[in-house]
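Please read this briefing alongside the sequence and the model shown below.

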Amino acid sequence: MKPLFKPAAGAQTEFLNSNALEILYSGVAGCGKSTSLLVDLLKYVHLKDFRAIIFRTEFPMLERTLIPERRKLYSPLGAKYNQQTKIWSFPSGATCQFGVFARDEDCIDWKSSQYSYIGWDEVTEFTELMFTYMYRSLRNAIGSNIPLSMRASCNPDG
């Protein structure tokens with residue numbers, strides 16, 4: 001059986017093999033940064049308490065890039081996508097959500113959220129306040145020992 005994904009040697013493999021709390025993956029367009037965010041969280045989707053979210057500043061960006069790629073990666077694993085809630089649910093009960101975080105005022109929308117994995121696609125489009133605010137949501141359910149992960153990708157411009 002052909003594997004669903006084979007990482008490129010170098011930065012992509014290093015990103016996917018890291019257990020660091022926080023990682024930034026910077027590189028030119030098309031080098032696999034966004035796909036790496038999608039694949040990285042698969043390490044824990046077999047755990048029922050695992051909750052992940054990946055942010056963009058606008059939903060159309062997610063529709064053009066991450067949603068089609070996710071279908072290729074997650075559907076063969078038995079995950080189902082709910083178009084209304086923008087959440088992928090895995091057979092274990094783990095979930096992965098798409099989130100839109102367009103301006104600082106949106107912080108309140110995420111006030112009581114809880115995620116083991118927070119991803120930022122094109123992190124340079126977010127403010128420092130948005131990024132640091134979400135550290136309060138980087139936590140697990142009581143009794144869960146899932147490793148926490150804050151991941152970000154960006155192009156090296158700006």
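This is a predicted model: local features need pLDDT of at least 70, side-chain atom pairs count only at pLDDT 80 or more; totals for chains, interfaces and linings use all residues.

Residues are numbered from 1 along each chain as its sequence is written, and side-chain values use heavy atoms, with hydrogens and water left out.

**Confidence**

- The protein has an average pLDDT of 88, and 96% of the residues score at least 70, where pLDDT is the predictor's confidence in each residue on a scale from 0 to 100.
- Confidence is lowest in helix 3 (residues 59-64), with a mean of 73, and highest in helix 5, with a mean of 96; helices (H or I, at least four residues) and strands (E, at least two) are DSSP runs, numbered from the N terminus.

- Strand 7 (residues 149-154) is largely enclosed by the rest of the structure, because six of its six residues are buried; buried means under 20% relative accessible area, exposed means over 50%, and partly exposed lies in between, with a 1.4 Å probe and protein chains only.
- From strand 7, S149, R151 and S153 point one way while M150, A152 and C154 point the other way, and all are buried.
- Strand 1 (residues 22-26) runs parallel to strand 7 and is joined to it by five bridges, two strands being counted as paired if DSSP finds at least two bridges between them; S26 has C154 as its bridge partner in strand 7.
- Strand 6 also runs parallel to strand 7, again with five bridges, and the partner of W120 in strand 7 is A152.
- Strand 6, helix 5 (residues 128-133) and strand 7 make up a right-handed β-α-β unit, meaning that, with the strands pointing away from the viewer, the path from the first strand over the helix to the second runs clockwise.

**Strand 5 and its neighbours**

- Strand 5 is mostly covered, with five of its six residues buried.
- Six bridges pair strand 5 with strand 2 in the parallel sense, and within strand 5 the bridge partner of F55 is G99.
- Three bridges pair strand 5 with strand 4 (residues 87-89) in the antiparallel sense, and W88 stands opposite C96 of strand 5.
- The hairpin formed by strand 4 and strand 5 has five residues between the strands, and G93 in the turn has a positive phi of about 105°.
- T85, in the loop between strand 3 (80-82) and strand 4, counts as partly exposed because its relative accessible area is 38%.
- The C-alpha atoms of T85 and Q97 are separated by 8.0 Å, the two residues being twelve residues apart along the chain.

**Aromatic contacts**

- Rings of Phe, Tyr and Trp (its six-membered ring) pair if their centres lie within 6.5 Å, with planes under 30 degrees apart counted as stacked, over 60 as edge-to-face and the rest as tilted; by this rule the count comes to 14 aromatic pairs.
- F55 and F101 form an edge-to-face pair, with 5.3 Å from centre to centre and 65° between the planes.
- This pair links distant parts of the chain, with F55 in strand 2 (residues 51-56) and F101 in the loop between strand 5 (95-100) and strand 6 (117-121), 46 residues apart; both F55 and F101 are buried.
- W120 and F126 form an edge-to-face pair, at 4.8 Å centre to centre and 75° between the planes.
- W120 counts as buried because its relative accessibility is 0%, and F126 counts as buried because its relative accessibility is 8%.
- F55, F101, W110, W120, F126, F131 and Y135 are linked into a cluster by ring pairs.
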